[in-house]
Amino acid sequence: MKGEGNAQAVGVTNLRCKFPGEKALVFQGLSLSVRQGEKVLLLGPSGSGKSTLLHILSGLIPRSVEIPMKCDDIQVPEQPGIVFQDPDTQFCMSYTDEEIAFVLENRNIPREQMPALIHQYLEQVGLRFEHNRVLIQSMSQGMKQRLAMASILAMEPDVLFLDEPTALLDDEGTSQVWDTVKQIAQDKTLIIVEHKINEIVEWVDRIIVLSPEGNIVADGPANQVFTDERNMLREYGIWYPGVWEERGQTKAQALVTGESIRYGAAETERMDYRQGRVPAELQPALDMQQFTGWRGKTPYIQVEQAKVWHGDWVGIVGVNGAGKSSLLLSMMNILKTTGHYVVEGQSAGKTEQLADHIAFVFQNPEFQFVTNSVRDEVGFSLLGGKRTAEERGVQTDHMLEQFGLTALSGRHPYQLSMGQKRRLSVASALVREQRILLLDEPTFGQDARNTFAMLSQLERLRREGTAIVMVTHDREIVKRYCTRIWTVNEGRLTDAALVSSS
């Protein structure tokens, strides 16, 4: 094992931690030691405390974030570098070059050396801009995640703490970031939280597994943990190599080959999505022609022609920054639009009117939160309808149970883990039972159990006639669940293909 025999780089003994307002401890006597040069992958189900542990070991808690904690002993690095799950929480400046220059200033780098270094760090994560400068707010979330990594690399940290650094990246971006990390961190200590493990599972020295209660239940080399503890990983719903293959072919994939699909309560004629045949009497759920979404005076996404039918599950794919999120925002009229756009047979109105037909999930779940508790957040979506207070309560409790949020119902949405926030955003969007869903990366940050539970629920809705349009970078989801693929390239919907059943 790399790092064996080296001095301890980071560690904690008998850790106890408690979030304000919570009765249970996050950790109950956890002890952990990581030696210099070790590469450690931290696994565990959503909400097990992985991110919190990174924040403690990096010194962020309690130095910057005041959360009550106690331990017998702790060693944190002098120069930690941490990449957060949400890149927007990491930035201090408005422009890309300024963000990295801010780090270099703190390192007392002479001004004349900064332009070359800024270019170097951006290049390392695959970001290229004219004069190295672009407004951060205009970047996609995936591009922001690369910038966050570049700014941390510029710190030249002693220990790197990476909290799902590739969650929002496409396959090329994921490979590029991990290739960069492997190159620059050969002699550095790394502690990584990551659900997308394929790129690093053979590279890390050690895997530590947390139980749902935050206890260490496995610690060893990857091949040992994934072989000896597979049943436990499956029980806890943790990602491991081969988990998709174990699930086998989904019902959604079988339907692509031509089985009948439910539209509400009635069975329609046999349909073959590969041939593009649909009953003529059924109008499309969404119909766009010569459709453009604008940011200011700039066209950000253009669609020559595209339709979505009830019972479709459209997977939107494309590289980071291609315009996938802009397409969804335009379809919800959050961005200014021009062109032909019909929803359920009627001309699309304003966002508030579209919300009667369409449920929308932002890429950043925090953009949706408007209340102070998880339960109120789900219930808020039901206000103003025809349901009684009792009916709203029953429906709210049902959605909390469906998305594994019942035990968290009294917690503030911002106190949730990223995976829990994402489940809350999806639950609050689906609770009104609209028949069209626009979802922007709904499964990112999820463990295997919650990913499959969410996908199963979406598949059930699709079979009942719901139309789903979903941005995703997960090829397995596209292959196993989607009936159609839309490819977005450089601000254009360039291809609307049918999923092959092969």
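This is a predicted model: local features need pLDDT of at least 70, side-chain atom pairs count only at pLDDT 80 or more; totals for chains, interfaces and linings use all residues.

Residues are numbered from 1 along each chain as its sequence is written, and side-chain values use heavy atoms, with hydrogens and water left out.

Rolling a probe the size of a water molecule over the atoms shows where empty space is left. Here a 1 Å grid over the protein atoms alone is used: a cavity is a set of points where a 1.4 Å probe fits but cannot get out, a pocket is an open set with protein on both sides within 12 Å along at least five of seven lines, and lining residues have an atom within 4 Å of a point. Grid points are joined across faces, edges and corners, and a volume is the space filled by probe spheres set on the points.

The largest pocket holds about 1,400 Å³ of space. Its lining consists of 50 residues, and those nearest the centre are Arg411, Gln415, Leu416, Ser417 and Gln420. Two or more lining residues come from each of α1 (50–57), α2 (60–63), α15 (418–430) and α16 (448–463); helices (H or I, at least four residues) and strands (E, at least two) are DSSP runs, numbered from the N terminus. The most is given by α15, with 5 residues. By class the lining has 19 nonpolar, 19 polar and 12 charged residues, where Ala, Val, Leu, Ile, Met, Phe, Trp, Tyr, Cys and Pro count as nonpolar, Asp, Glu, Lys and Arg as charged, and the others, Gly among them, as polar.

Two of these elements, α15 and α16, pack at an angle of about 15 degrees with their axes 12 Å apart. Axes are lines fitted to C-alpha atoms, for helices over the stretch in contact, and angles run from 0 to 180 degrees between N-to-C directions. The angle makes α15 roughly parallel to α16 (under 35 degrees; over 145 is roughly antiparallel, 65 to 115 roughly perpendicular and the rest oblique). In this contact (heavy atoms within 4.5 Å), Arg423, Val426 and Leu430 of α15 meet Asn450, Met454, Leu458 and Leu461 of α16.

Thr96, Glu99, Ile100 and Val103 of α3 touch Leu147, Ala150 and Ser151 of α5. The axes of α4 (residues 114–124) and α5 also come within 8 Å, crossing at roughly 130 degrees, so α4 is oblique to α5. Here Tyr121, Leu122 and Gln124 of α4 meet Leu147, Ala150 and Leu153 of α5; the contact has 5 nonpolar, 1 polar and no charged residues.

The structure also holds 3 cavities of 30 Å³ or more, and the largest cavity has a volume of about 50 Å³. Among the residues lining the largest cavity are Gln141, Met418 and Phe444.

Two backbone details remain. The peptide bond from Ile61 to Pro62 is cis, with omega near 5 degrees, and Pro62 is found in helix α2. Asn14, in strand β1 (residues 8–17), has a positive phi of about 55 degrees although it is not a glycine.
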